[in-house]
Amino acid sequence: MPTPSLAALPIRRLTLRDLTACADLSEDRGWPREEHKWGFLLTAGKGYGIDDPQGGLVAACVVTEYGSWGRPDLGAIGMVLVAGRHARQGVGRRLMRHVVSLLGTTPLTLHATENGRPLYEELGFKVTGRAEMLTGHFTPGGPESGVRTRAATAEDLPSLLRLDEEVFGTDRTSVITRLPAFADQLRVAEEGGRITGYTAAWPNMDTHVVGPLIARDTDTAKALIASLAAHTDRPLRTDIDVRHEELLAWAKARGLASVAFNSVMTYGIPDLPGDWTRRFAPLTVAAG
């Protein structure tokens, strides 16, 4: 039997049954396997992929939709990967065109590496911001913070959802309600009984990823990160909006080092909705 051309291979929805194949694809491209993150994205979002007749996946990506059920306000595209043996043959472009077409008039966003950015620009995405990835062991120090933080409880969830929608600019219930099971830590900052910020630390290989990070101000964001660090021995990793210069300088002074920059891109909207001044880091760059 002749091997079908890549253009003839169908694009299909991925499910949790494809978790190992997705992790294999990550590893093929030199990324960590990230099974925990893949599992989250395949349940909270919609995965799309192309099967390789010789086994595994030719390509994959995930879309996480936010807003009303059936009528999303925003779609975040992430984990766009093409197997090394099929790279530079138009597969990624074909998969992205398929996803953009499926989402119709829904505005889109993604975080792009320097290598991926030209493809997304060709498809009509525009750079609207940048995020800086930091990682390292957090070293406590500096003046004592006056911000009160604590572990989140089930009773906090309605308040978290309201705050998150206000800051993010659209409803993320389907994602935020999964955080207690996905993350090792979920913590809030509060003042006078009112929640002023929240964050989570979720396991990713040998690190704890800090995200989402939503806070009233920089001091609150610092206190939330420090509270997470106090309860883990793992290195931290996070992606901070470069406009938050004070937080970036503080994190670097506390032991986190710059690893990479990603371009924040949008399609169909001039900028992301919500209040960027209180949105410090995404849950993951793959889901916004």
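Author: In what follows, Ala, Val, Leu, Ile, Met, Phe, Trp, Tyr, Cys and Pro count as nonpolar, Asp, Glu, Lys and Arg count as charged, and the others, Gly among them, count as polar. The model is predicted. By these classes, the lining of the second largest pocket has ten nonpolar, seven polar and six charged residues.

Reader: How much space lies in the second largest pocket, and which residues are the closest to its centre?

Author: The second largest pocket holds about 540 Å³ of space. Its lining is made of 23 residues, with Gly-141, Pro-143, Ser-145, Ala-226 and Trp-250 the closest to its centre. Helix H8 (residues 218-229) supplies the largest share of this lining, six residues.

Reader: What can be said of the lining of the largest pocket?

Author: The largest pocket has about 1200 Å³ of space. Its lining consists of 36 residues, and Trp-31, Val-80, Thr-113, Asn-115 and Gly-116 lie nearest its centre. By class there are 19 nonpolar, ten polar and seven charged residues. Strand E4 (71-82) and helix H3 (91-103) are among the elements that each supply at least two residues, and E4 gives the most, with six.

Reader: Which residues of H1 and H2 meet?

Author: From H1 come Leu-19, Cys-22, Ala-23 and Ser-26, and they meet Glu-35, Trp-38, Gly-39 and Leu-42 in H2. This contact has five nonpolar residues, two polar and one charged.

Reader: How do you know what H8 and H9 are to each other?

Author: H8 and helix H9 (residues 245-253) pack at an angle of about 30°, with 10 Å between their axes. An angle under 35 degrees counts as roughly parallel, and H8 and H9 are therefore roughly parallel to each other. H8 passes H9 in a right-handed crossing. On the H8 side the contact is made by Thr-218, Asp-219, Ala-221, Lys-222, Ile-225 and Ala-226, and on the H9 side by Glu-246, Leu-247 and Trp-250. Five of the contact residues are nonpolar, one is polar and three are charged.

Reader: What makes a space a cavity and not a pocket?

Author: A space is called a cavity because a 1.4 Å probe fits there but cannot get out, whereas a pocket is open. The structure holds two cavities of 30 Å³ or more. The largest cavity, with a volume of about 280 Å³, is lined by 21 residues, of which His-111, Asp-241, Val-264, Leu-272 and Arg-279 are the closest to its centre. Strand E6 (126-136) is one of the elements giving two or more residues to this lining, and E6 gives the most, with four.

Reader: Which residues line the second largest cavity?

Author: The lining consists of Lys-37, Trp-202, Val-209, Arg-237, Asp-239, Leu-283, Thr-284 and Val-285. About 40 Å³ of space lies in this second largest cavity, and its lining has four nonpolar residues, one polar and three charged.

Note on methods:
Residues numbered from 1 in each chain as written. Predicted model: local features only at pLDDT ≥ 70, side-chain atom pairs only at ≥ 80, totals over all residues. Heavy atoms only, no water. 1 Å grid on protein atoms, 1.4 Å probe; cavity = no way out; pocket = protein on both sides within 12 Å on 5 of 7 lines; lining within 4 Å. Points joined across faces, edges and corners; volume = space filled by probe spheres on them. Contact = heavy atoms within 4.5 Å. Axes fitted to C-alpha atoms, helices over the stretch in contact; angles between N-to-C directions. Parallel < 35°, antiparallel > 145°, perpendicular 65-115°, else oblique. Left-handed = near helix turned anticlockwise from the far one by under 90°.
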